[in-house]
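Thanks for coming. Please have the model up while I talk.

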Amino acid sequence: MPTVHTKPPTIPPRVEQLLLVPLFALPILWLAGYFFPPINHDVAAILDVSTRWVGGEKLYVEVLDENLPLTFIVHGLPVLTARFLPGTVAFWFTAWVVAGIFASFWACRRLIRLVPSADHALTEALLPPVLLFLFSVLPNEHFGQREHIMFVACAPYLIASMARAEGVNPSRSASILVGLVAGVALAMKPHYLAIPAAVELYLLFRRGVRPTFTDPIPWAIGLMAVAHLAIMYLVFPEFGHFVLPLAIEAYAPIGEAGWREVLTSNVLGPTLLALAIFGLLAVVFTKTIAARVLVVFGVGAALSAIGQAKGWPYHVLPALSAAILLAALTVSQTVDRYLPISRSAHRLPVAVICATFMVLLYFQAALYTPPFYKQRQFEASIGGRLQHIIEQNAPNRTILVLSPGIYPFWPMVNYIGGRMTTRFLTMWVLQGVYATCDDFPALYNPPDTMGDSEKFVFDTVSEDFAREHPDLLIVDRIAGVPRCQGKEFDYLEYFMQNRIFADAFENYEHLMDFDRYRIYRRKKLKK
């Protein structure tokens, strides 16, 4: 029988566009949801510190936090914007992140065209909506965290590195810009530098010494890292000489997991497994060099999460994003290479495969974390109810909190225009000091035997309390410190050892117990 050649099924361009429109429109609508409260609590705390710094308080002296200076410099941008334009700091922070997402997405779409292995119908169509998903949907409650910002800022660097591995370099000006933007984001945490170290080391072995050392991208990243190091000691000497040693001593022991537990955690463990499986499929079967860059980037991101040794889910966000992008590249490259489709007939299969893959991602994201559940239940949440309590009982919106946690006080403080009246946002130093229970007879170290770090907190918190006279004193009953000698650590009992604190506390009365917090109100002055 003669062979019957059937025309491959196809669809009109307009139908194809209608099928693909939701893949770009849905993330844009999703981004709009982030403008509703609450913003992420860690983000809110950093914004509060930046606001106090821009407002005139001396960073690392009058307001003290363990994060690096570049973090507050970057977050100072929305603070300054809110001073000149209508809108809150939280609004402008979200607006700047959204603007960064669109800028990064635009840059990535242009850079993808430089990657030789991406010059195929499905790969060219699938990678952009996956990137937009990773930028806008995957973060969910972690939107705006530094890991999220870092991945958005480094995505052009990742795509450019895929092209560089295949022998194609962006223009010199584009390379410098990509490197500087990525360098700013990567310098916000020293752990992030594991990513460019892994990528550039792979490119060194792939390309050789000369192309690597004449490439402006790693030099731009290195320049930002060195500049930030200089800032730590020259512009903010209090950080380099006091806060950094304090953080190494007291902040490092805090966390629910060590690096071994992080490595085998419910998020990072499967992510590393996915990177290995998808990487093996992509490298062995599709022979894609770009996939190797994605694997190396993901490994560097995983090392960053392991190095932080906290076990917090958002630390894994960049590695998880690399794994998902690698999965998309593996699928698209397999179809493009083993089931070649002519450009004229690619519309139907490409549109259907893209839509199917993206629906799967959205479905899985919704199962993993319900979309905008914090926004939908904010009024009934602890933060929302605590906000009403403070609005009714703190006329000056000033509070002093003795707690190991950022939430729910942030973003509540941001939304009421409140002020924390101590230089410490949380009791993280005491958590580090009392991270282990030694066999001592006393639950608390006597003041005359305290180390320098503990004595500093013990005195400064007491002095801030006595000087500022906050409207409310809020004490967390869960101290975030292990039980010792069969007793619970009590922050109020601890600070009452200080005569300055005890004298100031005489002017306060118990207002209520709310959730896990004891709330004390400043007594009204008698006429």
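Arg397 is partly exposed, at a relative accessible area of 23%; the cut-offs are under 20% for buried, over 50% for exposed, and partly exposed in between, with a 1.4 Å probe and protein chains only. This is a predicted model, in which local features need pLDDT of at least 70 and side-chain atom pairs count only at pLDDT 80 or more, while totals for chains, interfaces and linings use all residues. Residues are numbered from 1 along each chain as its sequence is written, and side-chain values use heavy atoms, with hydrogens and water left out.

Back to Arg397. Its phi is positive, about 55 degrees, although Arg397 is not a glycine. Most residues other than glycine have a negative phi, and most peptide bonds are trans. Arg397 sits in the loop between helix H18 (382–393) and S1. Helices here are DSSP runs of H or I with at least four residues, strands are runs of E with at least two, and both are numbered from the N terminus.

With 34% relative accessibility, His469 counts as partly exposed.

Buried residues of H21 include Val457, Phe458, Val461 and Phe465. Ser453, Glu454 and Asp464 are also among the buried ones.

Now strand S3, residues 472–476. Five of its five residues are buried, so S3 is largely enclosed by the rest of the structure. In a regular strand the side chains alternate between the two faces of the sheet. In S3, Leu472, Ile474 and Asp476 are buried on one side, and Leu473 and Val475 are buried on the other.

What does S3 pair with? Strand S1 (residues 398–402) pairs with S3 in the parallel sense over four bridges, where pairing requires at least two DSSP bridges between the strands. Ile399 stands opposite Leu472 of S3. S3 also pairs with strand S5 (residues 517–522), antiparallel, over five bridges. There, Arg518 is the bridge partner of Val475.

Last, the cis peptide bonds. One runs from Pro37 to Pro38, with omega near 10 degrees, and Pro38 is in the loop between helix H1 (13–33) and helix H2 (41–54). Another joins Trp410 and Pro411, with omega about 15 degrees; Pro411 is placed in helix H19 (residues 409–416).
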